[in-house]
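This report takes the contact between the chains first.

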Amino acid sequence: MNLEARLAQTTGGDLLTGYAPAKSGGYDEMIDAAGNVRPHWRPFLDALATLPSSTQTDRAEQLNRRVREMGIAHDIFADPAAPGKRWEVDLVPLILASSEWHALQKAILQRTRLLNAILTDIYGEQQLLRDGLIPSGLVFSDPAFLSPCSGIQPAAGYLQFYAVDLAREPDGSWRIIDNHTETPAGVGYALANRVVHTQVAGDLFDACNSLRLAPFFQSVQAGLTALTGRRDPRIALLTPGPLHDDYFSHAYLARYLGYLLVEGGDLRTAGDNVYLKTLEGLQRVDLIVRCIEGRTADPLELDAGRYGGPPGLVQACRKSPQLVRNSLGSAVAQNRGLAPYLPAICRRLFREDLLLADTPRRWLGDAANRRHVIANLDRMVIRSAQEGTGRPGGAQYGQLGSSLTEAQRHALIEEIELHGEMLVAEERVGFGTMPAFSSRGLTPQPFAVRFFVAATSEGLTVMPGGLAMAIVPNLAVALSAPEPRTHDVWIISDGEVPPHQSLWQNRIETARVQRSPRVIQSRVADDLFWLGRYAERADWIMRVLRSALQPTRGDSVPALVQRAARACLDALATEEHAPPAHYEVNDAVAIESVAHELIASKDGRHTLDDTLDKLYRVANLTRDRLSLEAFRVLNHFRPGTDWRRAIVDCPPDALLDLIEDGLGWLAAFNGLFHENMTRNKGWSFLDMGRRIERAGNLSEAVLWLFSKPMPQEEESGRLLYLLEVADSFITYRSRYRLDPMLALVLDLLLLDETNPRSLAYQLASISQHLGSLPQAQASTNLTDERRLILSMLSSVRHLDVEALAKDATRSDLQGALRKQLRLLPQLTTAIERHYFSLLEDQPHRVHTRLEPKP
Amino acid sequence: MIYDVNHRTVYRYSSPVVQSQHIVHMSPRAVPRQRIKGHTLVIEPAPTIRTERTDYFGNRVVMFDIEQDHKELIVQARSTISVTPAGPIDLAASAPWEEVVHRIADPKAHTDVEVGCYSCASRNTRPTRDIAAYARQSFPPGRPVLSGAWSLIERIYSEFTFDSTATDVSTPVTQVLKQRRGVCQDFSHLALACLRSLRLSARYVSGYILTHPPPGMPRLAGADASHAWISIWSPEFGWVDFDPTNGLIPKDEHITIAYGRDYDDVSPISGILLGGNEHAVVVGVDVVPIS
């Protein structure tokens with residue numbers, strides 16, 4: 001019986017028909033050498049086979065839709081359709097049997113202990129260097145060796161997090177292709193993959209009796225808390241910021257663990273402690289989970305001019321060695337050149353054999369290695385000894401000797417001769433295969449896998465899961481996957497898997513009532529303020545567009561209202577405060593061209609396209625403050641989506657529907673915020689941003705529409721339009737049952753503090769928010785922003801709408817609105833200066849040069 | 001020879017500095033032939049925190065943090081140091097340079113870890129092909145390591161022009177080689193890059209040098225300066241100093257403050273300011289022989 005026939009008999013016949021692992025003797029995860037399905041894959045294949053193949057395909061597609069909605073990506077600002085930026089999760093996980101897992105765990109933990117011990121030695125006694133077990137040139141040529149950190153010996157060791165990349169040998173054993181000792185190395189991606197996968201295919205997961213991740217993260221949390229020695233510590237996750245490739249992972253991990261996501265500029269040291277700059281002033285930080293490169297962590301003592309962390313951080317660590325995790329300088333242990341020296345070090349330090357072998361590798365700081373590698377360059381791949389913070393899939397391919405031109409070869413040899421200390425050479429070894437899902441069934445695909453370790457309350461623990469990625473076998477020697485096609489990793493349990501435990505379900509004794517517990521960084525307050533403004537601005541622009549584009553249908557939209565809508569559109573698009581041009585109702589072509597100008601003009605001030613870009617961007621900056629639902633809604637506005645492309649260049653008749661979509665999403669987003677966000681200071685800034693924007697938009701619209709006297713009929717049209725665009729038509733009708741009259745409309749839209757769309761309501765809300773915020777200086781004088789808002793509010797309250805309406809020249813009305821429009825930007829500036837000013841003062845470096853005489 | 005050294009640095013800022021954190025390498029370390037008889041370091045305004053420590057390279061470091069508004073910062077180091085002249089060294093008696101290179105890299109030779117440290121390129125001394133080629137001219141096969149070093153130092157001294165306008169604190173050593181101009185810091189970095197391109201071990205020395213006023217002229221206050229030179233390791237003689245700026249082997253007119261891989265490790269004063277805007281700096285150094 002041939003392979004396919006045997007497979008068809010065992011399980012999931014259709015799925016496996018085309019599954020043919022390479023005959024060359026590589027190891028396949030699912031099928032053994034005899035062609036039989038390995039037993040630990042059966043439950044999954046059985047469960048999958050019960051689904052109709054159309055459902056399987058739907059699930060696979062749904063999975064990647066969820067990935068895009070959640071925004072899992074390497075570069076969150078990139079066009080998700082661009083090559084190399086897409087993150088995909090396969091429906092088929094990598095499945096490991098528990099017996100194999102036990103052996104792997106043991107080996108990985110040994111490796112963690114070993115690298116920890118090496119770091120302790122390098123930053124301590126340096127006995128391994130003195131005894132020649134580690135070449136000193138390897139350490140001292142590595143820019144990750146941070147000499148100022150020598151002697152900071154954290155009692156808990158250097159590594160809080162460690163990750164290891166493995167590849168499968170043809171005989172089924174594993175080899176280590178890379179170590180990651182700098183940061184948590186993308187553990188957030190593995191977590192997000194699991195969350196997405198169980199949302200879409202939780203039934204498959206349950207059918208396999210696989211281990212859950214939540215207990216692991218619970219003990220990660222408990223372990224970090226224990227390090228601080230405090231019951232309720234303030235722990236921050238330090239990220240390089242949203243422009244970093246792994247920002248998604250940082251934000252996701254911070255949110256899941258309930259930690260503050262901070263950037264270098266949010267922190268300051270004083271008196272050898274680290275503080276967070278918040279709206280309430282400086283607040284002490286007890287522990288930093290480090291997701292930045294160590295050498296960027298302190299511009300005072302480490303790389304000058306890089307502000308990944310606050311100046312003085314190294315000195316703070318000397319006082320509190322466990323302040324930063326992983327400890328500063330830990331990356332030196334991931335130097336690839338160490339690999340060949342590890343077996344001897346392991347025997348010396350632990351009297352143990354190294355359980356997991358590294359990929360065969362030579363460090364080119366050694367003269368004999370250089371000679372050998374240059375003589376055999378065609379078989380070698382040359383790579384950096386030290387590389388990055390461990391982005392999953394981010395390993396460089398390296399230079400393959402046999403693929404070089406003569407000139408490249410010459411340059412590479414010169415590089416080896418000059419800077420061999422920073423290079424390693426490897427011979428290429430194969431990768432094992434695992435199944436990948438396609439609509440035609442499963443196909444074998446070369447892969448590598450990353451496992452994660454953390455120092456938890458239970459000691460060093462391997463996360464019972466991981467991150468598997470498809471690799472390009474002809475190019476890769478490590479976890480190189482520029483287009484991340486990933487798989488969840490499932491560990492089959494021996495016994496019963498305990499029921500799901502959410503990380504947020506604290507035991508009752510550790511829980512404590514706390515209202516508005518999370519502090520707000522000044523930077524985050526700033527971002528939330530602009531999130532509110534951009535959301536409101538986008539809403540307003542789309543409302544104006546919708547009104548103007550609505551076709552006149554019999555009596556449903558009177559022609560005069562249409563004309564008002566178009567006048568407003570024109571004013572918004574051209575940004576001229578002069579009375580807008582008048583259109584004939586049927587001048588559809590002109591309206592479309594103005595609409596497109598407002599949507600995507602390159603020189604327009606606030607186009608829709610530009611506003612949505614900014615909205616998406618600032619939403620990402622505040623991502624750890626947004627619920628997943630809120631973020632998912634906003635993801636519709638991501639640059640490069642079909643909707644974003646369509647709205648710029650779709651035919652006019654489709655535009656209205658698209659705008660309805662956009663308004664719907666914004667309404668959902670605003671609703672989520674309104675319903676779900678705690679009314680803390682962050683909320684105040686978001687809402688103030690929204691109110692300031694709305695006050696400005698409304699004032700401008702009234703100014704444009706009633707800038708001069710006009711015939712009664714036209715004025716009625718404009719009043720109707722204004723009520724509609726300001727969402728106050730129903731209120732007006734229920735109150736007056738009259739055709740709109742200027743005095744009544746002005747009362748409703750400018751003065752009525754019970755109407756959430758009125759100018760006075762916006763100003764009163766802002767005033768209330770400002771009243772609830774902490775005063776930086778305890779002074780009897782009013783701060784600028786409070787003085788401004790009181791003056792704006794009282795001048796609106798003093799308006800006499802009857803008189804304004806009677807004044808045929810409209811000059812009083814104009815004056816009142818222009819005053820508001822003049823003061824609003826001043827108000828914004830005053831708020832920024834008061835609450836966000838800690839941001840402006842960035843530290844800078846002073847360096848004195850020697851000016852010696854000859 | 002005993003010297004009194006007064007090293008005064010004054011910063012003035014155009015707007016108040018809210019916080020300043022500094023690292024100072026101005027306290028001379030004890031080295032063979034040099035004894036520290038007295039030292040004070042005065043900082044104004046008085047720092048909120050002042051810490052003294054020994055850094056990785058064995059230098060004395062003062063770190064301070066001022067957390068009150070200030071528009072002026074004064075750092076003044078006064079030291080009394082006695083220096084014994086170095087005895088003559090037979091450069092040709094040192095081992096061939098290839099042997100020294102081998103010995104530094106050989107784990108079985110158990111050379112000092114420190115020696116290995118100073119054989120590696122650092123940020124300011126990264127060798128290039130041109131630098132390696134320049135170094136090679138002084139190191140034909142089999143040449144004693146210190147003879148080769150002396151040849152290199154003499155070449156830099158004679159082929160390069162001292163010019164404090166040609167470079168600044170960030171000029172890379174490749175450009176120094178190209179334009180053949182610079183200051184003591186640049187020449188020291190170049191010499192280190194050359195020696196390290198051969199995988200020899202050499203370190204950067206920061207300190208002071210006694211200057212001689214023109215004949216008949218009085219010594220001017222504050223007219224002396226910080227100086228920098230290098231030190232090369234050989235198995236027979238240990239660390240031997242060479243001054244590429246002056247083309248000589250220091251005897252008793254060089255006073256060592258600190259050494260490291262390059263300038264960045266031992267910069268006399270460097271700091272981070274919050275606020276302050278523009279700043280002006282005045283540095284005055286007096287090296288006065290008192291006996």
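In this predicted model, 38 residues of chain A are in contact with 50 residues of chain B. On the chain B side, strand β12 (residues 269–275) of chain B gives the largest share, seven residues. By class, the side of chain B that touches chain A has 26 nonpolar residues, 19 polar residues and five charged residues.

Chain B itself is assigned two segments of interest. Domain 1 of chain B covers 2–84 + 267–289, and domain 2 of chain B covers 91–264. Taken over C-alpha atoms, the centres of domain 1 and domain 2 of chain B are 25 Å apart. Their contact draws 20 residues from domain 1 of chain B and 17 residues from domain 2 of chain B.

Which elements give two or more residues to the side of domain 1 of chain B that touches domain 2 of chain B? They are β1 (2–27), β5 (70–83) and β13 (279–289) of chain B. The largest share comes from β13(B), with five residues.

| Class, domain 1 of chain B side touching domain 2 of chain B | Count |
|---|---|
| Nonpolar | 12 residues |
| Polar | six residues |
| Charged | two residues |

Now chain A. Its 854 residues are 51% buried. Chain A has 29 helices and 22 strands. Among contacts in chain A with a separation of 6 or more, 74% link residues 24 or more positions apart.

Definitions and conventions. Residues numbered from 1 in each chain as written. Chains lettered and ligands numbered in written order. Predicted model: local features only at pLDDT ≥ 70, side-chain atom pairs only at ≥ 80, totals over all residues. Contact = placed C-beta atoms within 7 Å. Helix = DSSP H or I, 4+ residues; strand = E, 2+ residues; numbered from the N terminus. Nonpolar A, V, L, I, M, F, W, Y, C, P; charged D, E, K, R; others polar. Domains from an automatic or database assignment. Buried ≥ 20, exposed ≤ 12 C-beta atoms within 10 Å, placed from the backbone.
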